[in-house]
Amino acid sequence: MHAPLVDAVFDLDALLEPEEIIWSRAARAFATNRILPTVEADFEAKHFRAELIPELGRAGFLGMHLTGYGCAGAGAVSYGLVCLELEAADSGWRTFVSVQGSLAMSAIHKYGSEEQKQRWLPGMAAGELVGCFALTEPTGGSDPAAMATTARRDADGWVIEGTKRWIGLASIADVAVVWAQTDAGVRGFLVPTDTAGFTATPIDGKLSMRASIQCDVLLDSVRVPFDAILPGAAGLSGPFGCLNEARFGIVWGAMGAARSCLDAAIGRSKTREVFGKPIGATQLIQAKLADMLVEYEKGVLLALHLGRLKERGTLTPAQISVGKLNSVREAIQIAREARAILGGDGITSEFPVMRHMANLESVRTYEGTDEIHQLVLGRALTDLNAFG
């Protein structure tokens with residue numbers, strides 16, 4: 001486990017508390033020892049290494065920002081640092097931690113009954129149970145108010161009908177947090193995935209996020225009891241509260257992918273020789289590396305600022321949109337510049353850059369596209385709604 005090359009200039013540790021550094025190093029060690037040795041092969045083979053899930057649980061990473069029920073109760077910055085280190089290995093593993101902890105577990109923790117929390121959260125924190133978050137539908141994810149999935153009451157409970165798409169982990173999950181329209185508006189339901197009528201089919205043909213799982217979900221007259229509903233979630237504020245938790249992790253995670261690409265570019269600039277000297281000794285390459293470092297450092301400092309606001313309880317959705325928009329946009333640009341520095345070798349699996357670049361295109365889309373976050377910020381700046 002080596003220190004990132006960017007640390008020669010950016011001393012992030014100087015801004016962190018001792019406990020935060022411990023979490024960061026633990027995640028870096030896990031990523032280095034358990035993810036990186038196989039991730040290129042897993043990406044090529046479209047293989048999700050599910051045996052790592054209990055190890056993530058033992059490390060305390062699952063739902064680590066939550067308190068009680070076997071969760072670590074760590075601070076927001078510690079959680080962000082873990083996201084950064086895991087995504088420096090592969091976006092798919094930060095995505096797993098986000099889906100499990102920031103979406104599924106957060107939904108149960110925020111909105112569930114005590115019985116629901118006791119039933120699901122300890123096993124999920126330990127990595128013994130897996131959850132998924134079924135919100136997005138095939139017609140598009142940017143307008144959840146238009147969801148077509150319905151839940152209706154009858155004498156025996158709830159019957160859920162509909163389809164969902166791009167649902168991470170659904171085919172391996174034990175429980176799905178399903179959002180559906182009811183007579184009283186959007187509500188969330190806990191649906192064990194072995195319930196009759198629940199079918200999850202992994203989406204094939206992906207050129208991004210190949211070492212992770214995203215699914216189509218069919219809900220065909222899925223019957224759940226009355227107490228399957230999340231009592232504390234009413235309306236779209238329920239799923240949005242969870243999405244903001246996941247977006248916060250992306251603010252940090254995308255910078256991990258950026259760091260990995262920048263490190264690869266720095267290292268290669270010292271060994272790749274053109275016209276009799278390393279390309280890193282040329283002014284053009286040094287200018288590129290400097291610009292990449294500046295954007296990476298700005299992104300991490302923004303993430304740290306948002307983390308401190310979150311710990312104080314003052315972080316707003318608009319501020320999260322600033323972070324998500326900036327981090328992913330700049331990470332993609334850093335990946336592209338790194339690929340150029342690596343030359344033709346940059347498109348091979350010898351280096352992680354093309355894998356990160358491909359993954360980041362997915363990260364750019366989920367939890368709000370660039371355009372959605374631009375509209376969130378435009379509304380915050382003008383007090384005028386341009387949605388729709």
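**Pockets and their linings**

The second largest pocket holds about 340 Å³ of space, a pocket being, on a 1 Å grid over the protein atoms alone, an open set of points where a 1.4 Å probe fits, with protein on both sides within 12 Å along at least five of seven lines, and lining residues having an atom within 4 Å of a point. Of its 17 lining residues, His 2, Leu 36, Ala 88, Arg 259 and Ser 260 are the closest to the centre.

Please keep in mind that this is a predicted model, in which local features need pLDDT of at least 70 and side-chain atom pairs count only at pLDDT 80 or more, while totals for chains, interfaces and linings use all residues. Residues are numbered from 1 along each chain as its sequence is written, and side-chain values use heavy atoms, with hydrogens and water left out.

Where does the second largest pocket lie? Domain 1 (5–126) and domain 3 (237–382), with bounds from an automatic or database domain assignment, both give residues to its lining, so this pocket lies between them. Helix H1 (18–45), a DSSP run of H or I with at least four residues, gives the largest share of that lining, six residues.

Turning to the largest pocket, about 1,100 Å³ of space lies there, volume being the space filled by probe spheres set on grid points joined across faces, edges and corners. Its lining has 44 residues, with Thr 136, Gly 141, Tyr 366, Glu 367 and Gly 368 nearest the centre, and helix H4 (91–111) contributes the most, five residues.

Methods: Helix = DSSP H or I, 4+ residues; strand = E, 2+ residues; numbered from the N terminus.
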